[in-house]
Amino acid sequence: MIFNIAWKNFSRQGIRAVLNVMVTALAMIAVVFNISLYNGFQAQTTRNMIRTDVAGGHYRVPGFDILSPTEWEDVTRKIPESLDDLPNAERASALVQQGQLFPNRRLYPVQLRGIDVHQTLLDLPLDGLKSYGERVEDIIPAVLGVKMAQKAHLKQGDTTVLKWRDRHGVVDARDLLVVDVVTMVNSRVDEGVLWLRLDHLQDMTQRQNEISWVAVKEFQGPVQGMEFQEVDELIADILNLIENDRKYAQVFWVILIFLAGIGVFNTQILNVFKRQKEIGTLMALGMTSAQVVGLFTLEGSMAALLSVFVALLLGTALFAWFQSVGLDISHLAESTIPVHENILLDIHSGEVVSTIVIIVSVMVLVSWLPVRKITRLDPTLALRGRAIT
Amino acid sequence: MNNIVSIDKVAKVFRVGDEDFTALHEISLDIEPGAFMSFVGPSGSGKTTLLNLIGGLDQPTSGSVFFKNVKLGELNRTALAEYRRKNLGFIFQTYNLLPVYSVYENILFPLLLDGNKESAVRRSVLDMVDSVGLSDQIKKRPSQLSGGQCQRVAIARALVKKPELILADEPTANLDAENSFQILELMRELNKQFKAAFIFSTHDEKVTKYVNREVGLEDGRVCWDKRRNGSGSFE
């Protein structure tokens with residue numbers, strides 16, 4: 001009987017029920033959307049690092065440190081056979097050296113990064129280098145990222161002087177041709193980096209067949225003369241940043257949940273407040289306190305369940321649309337964060353479930369608590385609408 | 001004692017801010033079954049308080065209220081709810097109909113609360129709707145009815161379970177003169193038909209013409225208790 005009465009009460013409340021359900025559903029959508037967008041940002045950051053630089057880890061020449069450019073020239077070695085034999089889709093060899101560009105008669109220190117142009121493990125738009133031969137000719141072909149090109153004031157087809165030192169410390173210089181300016185999603189492989197063919201850089205520095213590291217799809221076991229650095233190690237700074245960010249994200253999530261909870265609380269308490277007289281009438285008609293509390297809690301639960309249904313319906317449509325367009329963050333292109341394509345949502349089921357559980361609990365609690373309070377007072381107060389003020 | 005309600009030295013004190021306000025001063029009254037009576041007095045005289053005490057909606061500060069020799073003060077909340085459900089019908093000044101229910105459903109509601117199946121009591125409800133002259137409004141909701149029609153629904157709701165006692169708090173206060181007369185006439189007929197005792201609280205002089213007994217209250221005290229004699233006048 002109580003269920004039928006509750007359903008009748010709930011389904012016939014009209015705009016009040018619709019508002020109640022919509023506020024709750026939108027609150028859930030807003031919370032999940034925000035946290036998923038945050039997740040998406042972090043996930044794309046990590047993904048871009050792996051896609052463009054880290055792959056499944058690096059076999060590095062011991063002592064190589066990307067943050068110590070003055071030591072790069074001393075930390076190279078011949079590529080081990082076991083790594084050289086891997087297919088192009090499973091390894092990407094790289095040699096990193098220092099160099100200096102002289103665009104417009106100004107000195108511009110750069111990282112010369114020679115990459116095996118046949119590799120397909122890393123997603124790098126370096127096709128412009130493929131058409132050149134293995135030996136470097138009079139002019140050195142190079143590819144630049146958009147940010148690097150902007151900062152060095154270079155564009156496709158420009159030539160400038162590149163200076164470097166070979167393995168004996170002898171300084172050499174030659175003209176460099178910018179064969180392509182490409183968009184890099186990861187600014188860490190764009191800014192300050194000059195992309196060359198690996199064989200060219202080896203030739204220029206007289207380091208035949210030498211590398212600084214080999215990115216691999218997966219760990220190949222210990223390799224003599226190389227040390228393996230895992231993905232987590234290679235993107236430790238990003239993970240650290242994300243870890244700190246996650247704390248803020250969690251605080252943000254709690255604040256959003258709190259705000260959503262207050263919204264739901266407000267709507268629901270207003271609903272109960274407006275129905276005080278009805279509660280008094282039900283008690284006068286002979287309903288017990290437990291029945292009245294049960295009735296209102298059931299109504300709240302029905303509203304909560306419908307809210308979840310509406311949230312899933314609207315949320316699925318909204319999220320599906322959003323995944324097709326993403327959030328434009330091109331304004332972050334100038335930052336060093338390794339992401340500047342459109343951000344997509346990364347929805348974690350745990351967060352969705354906990355958001356739903358918390359908001360539904362608030363809704364049911366707010367249906368239960370004030371009614372319980374009212375029914376414990378004299379029914380005359382409820383009849384006069386003064387049980388809760 | 002054959003009285004349906006006995007009030008024995010009942011006092012009620014309300015706390016208003018930092019002060020106590022005595023709404024009723026040790027009132028004693030006996031009300032017989034089938035009575036058609038009113039508590040009359042100005043605002044604040046204690047009429048509604050007295051009705052609420054009889055209805056088990058409030059508890060006296062001292063003294064006792066008995067319903068058919070059962071002391072209401074000894075009943076817990078659940079038992080008081082059952083007492084109201086089984087024995088009482090309430091009619092409120094502002095009707096207090098359930099807004100999302102139709103006329104039919106509002107009248108049906110107390111019977112469902114009492115554990116009846118709709119199919120078993122449908123006829124009784126339709127008869128009651130007919131008794132209050134609302135057969136053509138049966139599917140309408142309270143918001144679609146006039147004040148007089150709402151009060152008829154409230155009366156039907158109070159009577160449908162055939163209680164022994166109807167408590168009506170200012171039932172004509174929100175009605176115009178014509179509707180008031182119609183409602184009072186209706187209640188008097190139903191009082192005769194169903195033998196239920198009707199107790200009104202009112203300051204509407206029109207009610208005086210209909211009731212058989214009138215208890216005057218002022219400042220929480222009984223000032224007079226008049227009964228209609230065989231010739232139809234109060235004594």
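**Group meeting: strands, helices and a chain contact**

I start with one pair of residues: V10(B) stands opposite I27(B), which lies in strand β2(B). Before going on, please note that this is a predicted model.

The strand β2(B) is joined to strand β1, residues 5–16 of chain B, by nine bridges, and the two run antiparallel. As background, strands of a sheet pair through backbone hydrogen bonds, either parallel or antiparallel. What is the order of the strands in this open sheet of chain B? The order is β2-β1-β4-β5, four strands with antiparallel pairing. At the edges stand β2 (19–31) and β5 (70–71) of chain B. Each of these has a single partner strand, so one side of each is left without a neighbour in the sheet.

Next, strand β3 of chain B, residues 36–40. Five of its five residues are buried, so β3(B) is largely enclosed by the rest of the structure. Both of its faces are covered. On one side the buried residues are F36(B), S38(B) and V40(B), and on the other they are M37(B) and F39(B).

Which strands pair with β3(B)? One is β8 of chain B, residues 197–202, which pairs with β3(B) in the parallel sense over five bridges. There, V40(B) has T202(B) of β8(B) as its bridge partner. Another is β9 of chain B, residues 213–218, joined to β3(B) by four bridges and also running parallel. In that pairing, S38(B) has E214(B) of β9(B) as its bridge partner.

Now the helices of chain B. Helix α1 covers residues 47–54, and eight of its eight residues are buried, so this helix is largely enclosed by the rest of the structure. The buried residues include K47(B), N52(B) and I54(B). Just after α1(B) comes G56(B), which takes a positive phi of about 70°.

Two packed helices are described by the angle between their axes and the distance between the axes. For helix α3 (residues 103–113) and helix α4 (residues 118–131) of chain B, the angle is about 125° and the axes are 9 Å apart. Angles from 65 to 115 degrees count as roughly perpendicular and those over 145 as roughly antiparallel; α3(B) and α4(B) are therefore oblique to each other. The crossing of α3(B) past α4(B) is right-handed. Among the residues making the contact are I107(B) and L111(B) of α3(B), and V121(B) and V125(B) of α4(B). By class, the residues of this contact are ten nonpolar, no polar and one charged.

How many residues does each chain give to the contact between chain B and chain A? Chain B gives 18 residues and chain A gives 18 residues. On the side of chain B that touches chain A, α2 (77–87) and α3 each supply at least two residues. The most comes from α2(B), with six residues. That side of chain B has nine nonpolar, four polar and five charged residues.

Last, one residue of chain A, S307(A). Its place is in helix α9, residues 289–325 of chain A. Is S307(A) buried or exposed? A residue counts as buried if 20 or more other C-beta atoms lie within 10 Å of its own. S307(A) has 24 within that distance, so S307(A) is buried. Leaving aside neighbours within four places in sequence, S307(A) is in contact with V21(A), T24(A), A25(A) and M28(A). The C-alpha atom of S307(A) is separated by 10.0 Å from that of M363(A), which is 56 residues apart from it along the chain.

Note on methods
Residues numbered from 1 in each chain as written. Chains lettered and ligands numbered in written order. Predicted model: local features only at pLDDT ≥ 70, side-chain atom pairs only at ≥ 80, totals over all residues. Buried ≥ 20, exposed ≤ 12 C-beta atoms within 10 Å, placed from the backbone. Contact = placed C-beta atoms within 7 Å. Axes fitted to C-alpha atoms, helices over the stretch in contact; angles between N-to-C directions. Parallel < 35°, antiparallel > 145°, perpendicular 65-115°, else oblique. Left-handed = near helix turned anticlockwise from the far one by under 90°. Nonpolar A, V, L, I, M, F, W, Y, C, P; charged D, E, K, R; others polar. Pairing = 2+ DSSP bridges.
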